[in-house]
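Please keep the sequence and model open as you read.

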Amino acid sequence: MVFLCGKCKLPVGDSLSWAGSEDKQNQVMLKRVSDNVFVGKESHFSGTRNETGCLIVHLTCRGCSSLLGVVYTSTPRKLDYKRSLFCLNVTSVESYLLGSSNQQVAAVDPQEEPVTLEFRHTVEQQLAEIKVLTVTMGQRLLEIEADLQSKSNDTGM
């Protein structure tokens, strides 16, 4: 199973690093996450009543900066099992079961669709056409500037 950012759909982890889940906290706990997850530098005290005495760092998505969850850096004894695990908020991630043909990650906005090979080929073709047009316009501009320069030199003499 692959876990995706709920907002931008970047992969943030997978079930190979599964460490458990916490139904009361609505969390999925992983031993590792992908490079698409930024681990905060500053520790904060957890604001929830059930986690009094916990120091946490925030986990955010590198793609869209959405808050994905926390890492517990210091916990009371009863929460030691969570320390140093990546605890993702279930409401901030989506999951996709590999090999499941009846599940799809739907792009909400057509502009957010994933890049396919066909789309990439079309974009590369358009970029090549733009490059040719830009070079042609640049050459034409140089010719016009040279013509204007020679006319100003003729009238100035």
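One aromatic pair turns up in a search of the whole structure. F3 and W18 form this pair, and it is stacked, with 6.3 Å between centres and 20 degrees between planes. Rings of Phe, Tyr and Trp (its six-membered ring) pair if their centres lie within 6.5 Å; planes under 30 degrees apart count as stacked, over 60 as edge-to-face and the rest as tilted. This is a predicted model: local features need pLDDT of at least 70, side-chain atom pairs count only at pLDDT 80 or more, and totals for chains, interfaces and linings use all residues. Residues are numbered from 1 along each chain as its sequence is written, and side-chain values use heavy atoms, without hydrogens and water.

**Aromatic pair**
- F3 is in strand 1 (residues 2–5) and W18 in strand 3, so the pair ties together parts 15 residues apart in sequence.
- Strands (E, at least two residues) are DSSP runs, numbered from the N terminus.
- F3 is buried at 5% relative accessible area, while W18 is partly exposed at 38%.
- Buried means under 20% relative accessible area, exposed over 50%, partly exposed in between (1.4 Å probe, protein chains only).

**Strand 4**
- Strand 3 (residues 18–22) pairs antiparallel with strand 4 over four bridges; DSSP must find at least two bridges for a pair.
- W18 has L30 as its bridge partner in strand 4.
- Strand 4 also runs antiparallel to strand 9 (residues 86–89), joined by four bridges.
- Q27 and M29 on one side of strand 4, and V28 and L30 on the other, are all buried.

- E22 lies in strand 3.
- E22 is in contact (heavy atoms within 4.5 Å) with residues including Q27 and Y81.

Definitions and conventions
Lists of a residue's contacts leave out its neighbours within four places in sequence.
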